[in-house]
Amino acid sequence: MTNSRASSFSLKGEVASLWHIAWPVLIGQLANVGMAVADVAMVGHVSADELAAVSLGASVWTIVIVTVMGTMMAINTVVAHEVGAGRLEGIAHSVRQAMWKGLGVGLIACVLVNLSTLIFYHIGLETHVADNAAMFLHVISLGMPAFACYRALYGYTASMNRPKPLMVIALLGLLFVILVNWLLVFGNLGFPRMGGVGCAVSTALGTWLMLFAMLWWIRHSPVYRETYPFTRWERPHWGEIGRMLRLGLPIGVTYFAEVSAFGVVSLLLAPFGVVQVSANQIALNFSSLTFMVPLSFGIALIGRVGQAVGEGNPARARFVAWTGVQMAIVFGLISAILMAVFRWEIARAYTSDAAVQALCAQLLLLAAVFQLSDSAQVAASEV
């Protein structure tokens, strides 16, 4: 591909195209993470002990789901290539195999989440905090198979340039979680007051709700008619699943390294008390919210770059990739400034505990520092 052809690409047009795909994905991603935000924010107004238990449980849960999210992203690339090459007949097969992969990855992740609860009894936690954190993970882990399968369908529809259901279904899930949290965390309308465990119940149920909603949407929307994956039963094809694992595992490992660096800190802070654990989790929780913006650019990039590669147009693929990375860097700079300026307001929104607010504001100032590098890294890793 000649330089003259590459230079003919419109930056403004590509930004508009990426944004057209990215903004519904972004709303969906924010709604997904908003479930965890709702958990932490609502429990933060119950007690510091409950917040600490949910914070520790959520730290482990976040590490695992983000790793699963990255591992499942192979289907995005596979579908995008097929769309770009005009080979729609192969998409249904790939999605069926991705669902088998999602079931396996989800079950393994569920086991790992439950095994991880053992660590709570060896890091100096008070017994009741360790018990609550472990129960939180035991309950919420039941949603892991649904989450992994949902991400397979998520990648399918995103790479078909159909981001609307991602937004609508995620918002539906968020509203459901907020409502059930209100009922179970605080014991409203005669429901049992479950505290942090109520958050786990709502999130696990919300994840299954989102999976079934996505299945319903794909079944009834005419835009999926040509590539509808569930017209017939198909056994696992281990070669195909292995190929998707080879594509997805490096992304999953990258995400694991990114998130675990912060999640492990919560566990290391446990012996220092509930204030330190809670403040760290709030800062991590809000950072994960801002992280969804460059991640959404990355998801949009997978589709756009994959389609360009499928078309046999590497020059356009490079142009799209650099445009998306630059968009992510600009956002990282803006989010760093806003996080530093409004750190106290963010802390107060999460908790009414003054000690937690003060420490959280300091941690948010540190979190602002790595916004730029995080944004560039996550967008670049997708291409």
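Before you click anything, one cut-off: a residue counts as buried when its relative accessible area is under 20%, and as partly exposed between that and 50%. Keep in mind that you're looking at a predicted model.

Select Glu240, which is buried because its relative accessible area is 15%. Glu240 and Arg243 make a salt bridge, with their closest N and O atoms 3.1 Å apart.

Next, pick Arg96 and Glu234, whose side chains form a salt bridge at 3.0 Å, N to O. Arg96 belongs to helix α5 (residues 91–116) and Glu234 to the loop between α9 (196–220) and α10 (238–269), so this pair ties together parts 138 residues apart in sequence. Arg96 counts as buried at 8% relative accessibility, and Glu234 counts as buried at 8% as well. Through shared partners, Arg96, Arg232 and Glu234 join into one network. The salt-bridge count comes to 3.

**Last stop: the surface.** Select Ile329, Val330, Leu333, Ile334, Ile337, Leu338, Val341, Phe342 and Leu372, and you'll have a nonpolar surface patch with about 810 Å² of accessible area together. Which helix gives the largest share of the nonpolar patch? Helix α12 (residues 314–341) does, with 7 residues. Ile337 is one of the residues in helix α12.

Key. Residues numbered from 1 in each chain as written. Predicted model: local features only at pLDDT ≥ 70, side-chain atom pairs only at ≥ 80, totals over all residues. Heavy atoms only, no water. Patch = residues over 30% accessible without salt bridge, like charges linked within 9 Å, V, L, I, M, F, W, Y side chains within 5 Å. Areas by Shrake-Rupley, 256 points an atom, 1.4 Å probe, with all protein chains shown as cover. Salt bridge = Lys/Arg side-chain N within 4 Å of Asp/Glu carboxyl O. Helix = DSSP H or I, 4+ residues; strand = E, 2+ residues; numbered from the N terminus. Buried < 20%, exposed > 50% of the residue type's maximum accessible area, 1.4 Å probe, protein only.
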